Amino acid sequence: MYTNDFEYYRADSVDDALTLLSDHAGAELVAGAHGLLPRMKTGDESPPALVDIGQLRGLDMIEEDDDGTDLSIGALATHAEIADSETVRQRASVLADAAAELGDPQVRNGGTIGGNLAHGDARSDPPAALLALDGSLEVRGLDDKRTIDATDLFEGPFETAVADDEIVTGIRIPTIDDAVSGYRKRRDPLSGYALVGVGVWLRTDGETIEEARVAVTGATTTPARLPAVEDELEGEAITEDTITAASAKAGITVDDGAFVSDVQASAEYREHLLTIDTERALYDVIDISQ
Amino acid sequence: MSDADTNEATESATEPDGDGSGGTFGSAIKRGEDVPLLTGDGEYTDDISLRGMTHLAICRSDHAHARIESIDTSDAAAMDGVIAVYTGEDVVESGVPNTIPTAWDLPGLVQPQYRMLATDKVRYEGTGIAAVIAETPHAAHDALERITVEYEPLEHVTDPVEAVERDVPPVHDEAADNVAFDFELGEVDATDEAFADADRVASVDLRQPRIIPNAMEPRAALADWENATGKLRLWMTSQNPHLHRMLLSAGTLGLPENKIQVIAPEVGGGFGSKIYHYPDEAVTAWCSMQLGRPVKWQATRSESYLTDCHGRDHVTTGEIALDDDGTIRGVRVETHAGLGAQLSQFGTATPSYLYTTVLSGQYTIPAIHCRVIGAFTNTTPVDAYRGAGRAEGIYVIERLVDVGARELGIDPAELRRRNLVPPDEFPYESAAALVYDSGEYERAMDLALDHIDYDELRERQRELRDEDRYIGIGIGNFVESAGLSPSGLAGDLGAQAGGWESSIVRFDSTGSVTVLAGTADQGQGHRTTYAQIAAEELGLSVDDVDVVEGDTDRIPQGMGTYGSRSASVGGGSIARGAREVREKARRIAAHQLETSVDDLEFEDGEFRVTGAPDRSLHIQTIAHEAYLGHDLPEGMDPGLEETNFYDPENFTYPFGTHVAVVEVDPETGEIEIERYIAVDDCGEIINPMIVEGQVHGGIAQGIGAALYEGAVYDDNGHLQTRRMDEYAVPHSTQLPEFKTDNTVTPSPHNPIGVKGVGESATIAATPTMVSAVVDALEPFGVDHLDMPLTPESVWRATEGDQ
């Protein structure tokens, strides 16, 4: 289909972009545009103006803080850059996994992490990673800046807590040394998006799971943590029984009606897969040697 | 490349007899057309622009079934950039014939009115009701939203069984019960007797979902009406420009055929969907005639989903009668075939003759009876899609053989083997009214099974089941009727067109060769394979031969490209024409070398006097002489070209065996394809690389149908799978590596021994995949699963919930 008419602006700076956003009601930001443009072609979204920030410099860094406790990633870092980053791989492998599994090479080379998270597509991979890592978004408006925690970010299908007149400048991820994480994805055979995606993050002392974060994307209308699974894991010994018991809880904290149902997979099947894939994702990151 | 041919085929009297041995027939030379196609230099319909060109967008119904109460186009017409808005009434008032015709009649067939734009009712979502012409495509599409149509909605039906069995308002008043035809083939009494006498009967209820063709290039047309000469030039995405010329003349526009030029430039895939005369291209031409300006219509991908003819849509009950020793005694089939809301040209032939006549498969089955009820539904018209009819028929017989094997407790490969038509039975007349030309079915089947070490793999399958791992082995034996000829037989069965093909083989005066063929390439590689055929016959290099297709003013006659016919019928015509050219050249050579034609040998393009090899003339030199005309045999006309019409004496019958090995994860229903083996016998092979490419693409589409594809209509009669993220075309990453191999059993009646390969793999792959998955699920008591075999449906089957 043809998109509706829209105006196109290229921003010179973050401030310029913010000014353009405030001058043009309903304008949308684009960087890679891999999320928004397809929806404009299908008529799902028709912004009157696009503000292109794809060429802004200085927003694509991937770096650790000096004390090694936080990982900062610029909003314009591409999925390919994140997937290839040794730092991300070592400190937040669930995000490297998610970025590597996202779309195809073209999308990974053009699409950016900030755009992806602000777009709020519940079928996409990075949301589960950000939730599992308990990361946050750094957001700027014309007059202020703020931080949005991952757990507050996703409000519904294509709806996030990022306001229309704000720009995501980066993401921040707390990191610690004795954590393991990973992302397991089951691709929708049509779209390549996640039919079910599970991100897991565990802090262990080698025998006991001290802290757990498990998050889902794709299967549900909004990406979300799975607290019942986390509760079942925390404080438990790393055993097959623990994993089995925890995975069995995968479906129960998801609200009624929150599982997606479409031509490819019913809600019931997605719920079943979520249990299976939670279990498999846990096995992916834990070495059980008995 | 595939394995070397395991070519122990019988010697054929009909091998390409270029005693000139150009050496090109049978070699894997690269496709000359690929460089422009891959570098973006290929010119497709939408790439062509004419001065003063305007753009058409078509307003389509968003109702599945409704009476049109009013259409208000005034707002749209008043928009900037809009030149004109037309409705179906305008077309009626113009006095053109305005009839999209069917091209295949059947006894008792109901043929309702089918107009270019609907005036009374809309009968499926996507029915064209108005046409907007604007200065830009964008303006035309924007104006569509300003057309106001008031409808009186009617109850709709999308399922072919419901359409005839439920009390619903008919799609067409002419067919109150929605039955377009009620077709039978075979002997009902003999079949009943066979079933009564047989030891066992097995049966299967199955559905073959609607497939959406998804050609890479959506349909397009560019019409240029020339008032001064009364001539219409129409560029369009066509698999058969001459057929379109004829249908535009006799069916929709009423112009004399000699005032219509149809040009098919590069065409990006068809799979059947570009055979047909749709309303849209006729509307494009009609609008140009109204305005005296060129008009371009380029379908969007969404329009393709809604309006390109869909394929398949069968609901079938099949039964197979067997004796305890595995002898198949009879097959009985009843099918409801969805035809959609209108009869597309071959929408009647596909589920009748093309389907029922292959129900014998590769097997000696003494009694077959099949009934097909063709049903109108409020859906996109259904017509031939790659494998048309044959794919559906082979699917049924292969599923029946599998359920028969389960019933008898006989290995499915063994049951097949016991019933194969043996090599010495050819030509074999089946109980489904076909005469198979040649075949060595067991050789191809053995070769395919050897590739996977069949017996060992069965053993391994049993071992793995003990470890709760479930692999499945699927076997698909197929034979297809390709070429759709001869014309007389096709006519007897109801065809409103011939089954011949036409070509011109022309030496130019300086020795190059032009081949003009009535077929029309959409990616098949005709420019390479046809050059190989002509070069072989004329003792030349392929570089000496230029192949021209797709222009009715340059190529006087033709039937087009569909039904795996181009190599066998088109190629056969070119070979025959080239041979006539060669024989004329031989007579000129004999005259100028002062010897008799019988004393001339032909090799590498050179006519040599037997016993005096230094006395020779090259065929390209003779071409020059033929156009000089100074020294020709007494009474011979100058020039060196031949026009050939070739009407084959029979179909050709490609065959083969495909084998798939899958593993099913019972926890999730996920299917992993471990191995895929394709052994195809398409007779003589013109270019092994192109054959392999056809097989690869065919397998992909066949696997697509088995595992992923399937159009779905929602409760409102709206197409639910209308976008690429809603309708699952297989991705390359979802497909395994294919192992391809060939046997070569020439067709005895084709001039170059070829059988065709365009549809084979699509026909074979679908039953092969389903067979493999159902085999894996045997421990779960699953005898059949309907396509598409999504992981969810497999998981539900393992849970005992079919």
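This is a predicted model: local features need pLDDT of at least 70, side-chain atom pairs count only at pLDDT 80 or more; totals for chains, interfaces and linings use all residues.
## A sheet and some salt bridges

B:E663 stands opposite B:E672 in β27(B).

Q: In which sense do strands β26 and β27 of chain B pair?
A: Strand β26 covers residues 655-664 and strand β27 residues 671-681 of chain B. The two are joined over ten bridges, and their sense is antiparallel.

Q: Is A:R270 buried or exposed?
A: The side chain of A:R270 meets that of A:D262 in a salt bridge (3.1 Å, N to O). A:D262 is partly exposed, because its relative accessible area is 34%. For A:R270 the relative accessibility is 2%, and buried means under 20%, so A:R270 counts as buried.

Q: How many residues apart in sequence are the parts that B:K296 and B:D46 tie together?
A: Here the two side chains meet in a salt bridge (3.4 Å, N to O). B:K296 lies in strand β12 (residues 295-298) of chain B, while B:D46 sits in the loop between α1 (34-38) and β1 (54-60) of chain B. The pair therefore ties together parts whose separation in sequence is 250 residues.

Q: Which helix of chain B holds B:D192, the salt-bridge partner of B:R332?
A: The closest N and O atoms of B:R332 and B:D192 are 2.6 Å apart. B:R332 belongs to strand β14 (residues 328-340) of chain B. B:D192 lies in helix α6 (residues 188-197) of chain B.

Technical notes:
Residues are numbered from 1 along each chain as its sequence is written. Chains are lettered from A and ligands numbered from 1 in the order in which they are written. Side-chain values use heavy atoms; hydrogens and water are left out. Two strands pair if DSSP finds at least two bridges between them. Helices (H or I, at least four residues) and strands (E, at least two) are DSSP runs, numbered from the N terminus. A salt bridge is a side-chain nitrogen of Lys or Arg within 4 Å of a carboxyl oxygen of Asp or Glu. Buried means under 20% relative accessible area, exposed over 50%, partly exposed in between (1.4 Å probe, protein chains only).
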